[in-house]
Amino acid sequence: MRAHALIAFSVLMQAAAEAFLSGRISSGDSLRFSLLAFLGCTLLFLTVNRVTKHRRPARTTPGSEVWRLFAALNAASAVTFLGLYVALVWVPAAFAASLMAGIGPLAASTLARLSGETRPAACWARSVGLFAASLVTAAAVQPSLLDTSSWQSGPAASAAGAALALLAGVGATVLARLSRRLGERGTAPSVVMAHRFHLTYVLAALALTSDRLAEPPRLGWGVTALVAFVGVVIPLYALQIGAQRTAATVTMALLATQPGLAYLVQGALGFPLSVPGTVAVVLLLLVASAVARAEHRLPRDGAAAPVRHHPAMRSRDAGETAH
């Protein structure tokens, strides 16, 4: 359960950062935030890995299979984080976040089935139910979502934004599955954190040079850097540790609580809460927790058993870190 606690901590920290930034940032702030968060995360963990290298077993150099997983992780990270950012240009944040978080458990069930895992009918029902609960919660906490004519973009752009939010949710699910595979291969979370965001910060830097994408920032570099560290670097490290030890379906069910938690944190910061919105959020948290608990109890087809290496064999496995 320690892994689940780490994921829950990550979700709460990210929700707090999202609540703090809501209504305070421009697209330029968002891109600057992404650049600082993911470049800073990469540099921090590259440094940590170099400083602690002498304390680790010899089997710390990633092999070819792990590097292929890193490449896929880079692509999925860019799709997830930058896809959500572009979606926010065209659709309201509450709607985009609910689509992204809600689709996660359903995407996890679909990917698990495509990988040959058995998925009982009850799993599909829970995934669909959680997706519906996410959309209902979004409408309850922000009733104006139901009036699409009030959205800043037209129907075509709104549809594109919704599609990108769903794609970001699928990307997040792929991240959870890849993290689990890296965990099964014994790759240290700090090593993963040092190599998973290269494509994300490069694309964020390129987008910052575009006048069409980057509006003038409202926050200073110091505040942006602090929120990026507290709201992204620390929680994503906790999430990486938890996701490497947890089935993707469980991880995504827990992540589905993030929009609701962000709403409650906004209330703690002075944002007015409505009774329907608060009730819907509480129900969403209960449903997501129940889904995560049910998924955790399921047997996993083809789950990799822990591998115990004989000391004499360890030198042959230089592609992975120690379990």
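Visitor: At roughly what angle do the axes of α6 and helix α10 cross?
Guide: This is a predicted model. In it, the axes of α6 and α10, the helix of residues 248-255, come within 9 Å. They cross at roughly 135°.

Visitor: Is α6 roughly antiparallel or oblique to α10?
Guide: Angles over 145 degrees count as roughly antiparallel. The crossing of α6 and α10 is at roughly 135°. That angle makes α6, relative to α10, oblique.

Visitor: Which residues of α10 does α6 meet, and how does the contact divide by class?
Guide: From α6 come Gly169, Ala172, Thr173, Ala176 and Arg177. Their partners in α10 are Ala248, Thr251 and Met252. By class, the residues of this contact are 4 nonpolar, 3 polar and 1 charged.

Visitor: Is the crossing of α6 and α10 left-handed or right-handed?
Guide: These two axes come within 9 Å of each other. Where α6 passes α10, the crossing is right-handed.

Visitor: Threonine 251 belongs to that contact. How far is its C-alpha atom from that of leucine 239?
Guide: Leucine 239 lies in helix α9. Along the chain, leucine 239 and threonine 251 are 12 residues apart. Their C-alpha atoms are separated by 8.8 Å.

Visitor: Is leucine 239 buried or exposed?
Guide: Leaving aside neighbours within four places in sequence, leucine 239 is in contact with Ile7, Ser10, Gln14, Thr251 and Leu255. Buried means under 20% relative accessible area. Leucine 239 has 13%, so this residue is buried.

Visitor: Which residues is threonine 224 in contact with, leaving aside its neighbours within four places in sequence?
Guide: Threonine 224 is found in helix α9, which covers residues 221-243. Threonine 224 counts as buried because its relative accessibility is 3%. With those neighbours left aside, its contacts are Arg32, Phe33, Leu36 and Leu219.

Visitor: Where is arginine 185 found, and is it buried or exposed?
Guide: Arginine 185 is in the loop between α6 (155-184) and α7 (189-195). Its C-alpha is 8.1 Å from that of valine 66, though the two are 119 residues apart in sequence. At 17% relative accessibility, arginine 185 counts as buried.

Visitor: What does alanine 159 count as, by relative accessibility?
Guide: Alanine 159 is found in helix α6. Its C-alpha lies 8.5 Å from that of valine 91, 68 residues apart in sequence. The relative accessibility of alanine 159 is 47%, so this residue counts as partly exposed.

Visitor: Now to α12. Is α5 roughly parallel or roughly antiparallel to α12?
Guide: Helix α5 covers residues 121-141, and helix α12 covers residues 275-297. Their axes come within 9 Å and cross at roughly 160°. That angle makes the two roughly antiparallel.

Visitor: How many nonpolar, polar and charged residues has the contact of α5 with α12?
Guide: The α5 side includes Cys123, Arg126, Leu130 and Ala133. The α12 side includes Pro276, Gly277, Ala280 and Glu295. By class, this contact has 13 nonpolar, 3 polar and 2 charged residues.

Visitor: Which residues of α5 are buried?
Guide: α5 has 21 residues and reaches 30 Å from its first C-alpha to its last. That is close to the 30 Å expected at 1.5 Å a residue. The buried residues in α5 are Cys123, Ser127, Leu130, Phe131, Ala133, Ser134, Thr137, Ala138, Ala139, Ala140 and Val141.

Visitor: Helix α11 also crosses α12. How does their contact divide by class?
Guide: The axes of α11 (residues 258-268) and α12 come within 9 Å and cross at roughly 140°. That makes α11 oblique to α12. Gly260, Leu261, Tyr263 and Leu264 in α11 meet Gly277, Thr278, Val281, Leu284 and Leu285 in α12. The contact has 6 nonpolar, 3 polar and no charged residues.

Visitor: Is the crossing of α11 and α12 left-handed or right-handed?
Guide: α12 also crosses α5, and that crossing is left-handed. For α11 and α12, the crossing is left-handed.

Visitor: How many helices and strands does the chain have?
Guide: Of the 323 residues of the chain, 48% count as buried. Among contacts between residues at least 6 apart in sequence, 88% join residues at least 24 apart. The secondary structure comes to 12 helices and 0 strands.

Technical notes. Residues are numbered from 1 along each chain as its sequence is written. This is a predicted model: local features need pLDDT of at least 70, side-chain atom pairs count only at pLDDT 80 or more; totals for chains, interfaces and linings use all residues. Side-chain values use heavy atoms; hydrogens and water are left out. Axes are lines fitted to C-alpha atoms, for helices over the stretch in contact, and angles run from 0 to 180 degrees between N-to-C directions. Helices (H or I, at least four residues) and strands (E, at least two) are DSSP runs, numbered from the N terminus. Angles under 35 degrees count as roughly parallel, over 145 as roughly antiparallel, 65 to 115 as roughly perpendicular and the rest as oblique. A crossing is left-handed if the near helix is turned anticlockwise from the far one by less than a right angle, and right-handed if clockwise. Contact means heavy atoms within 4.5 Å. Ala, Val, Leu, Ile, Met, Phe, Trp, Tyr, Cys and Pro count as nonpolar, Asp, Glu, Lys and Arg as charged, and the others, Gly among them, as polar. The expected span of a helix is 1.5 Å times one less than its number of residues. Buried means under 20% relative accessible area, exposed over 50%, partly exposed in between (1.4 Å probe, protein chains only).
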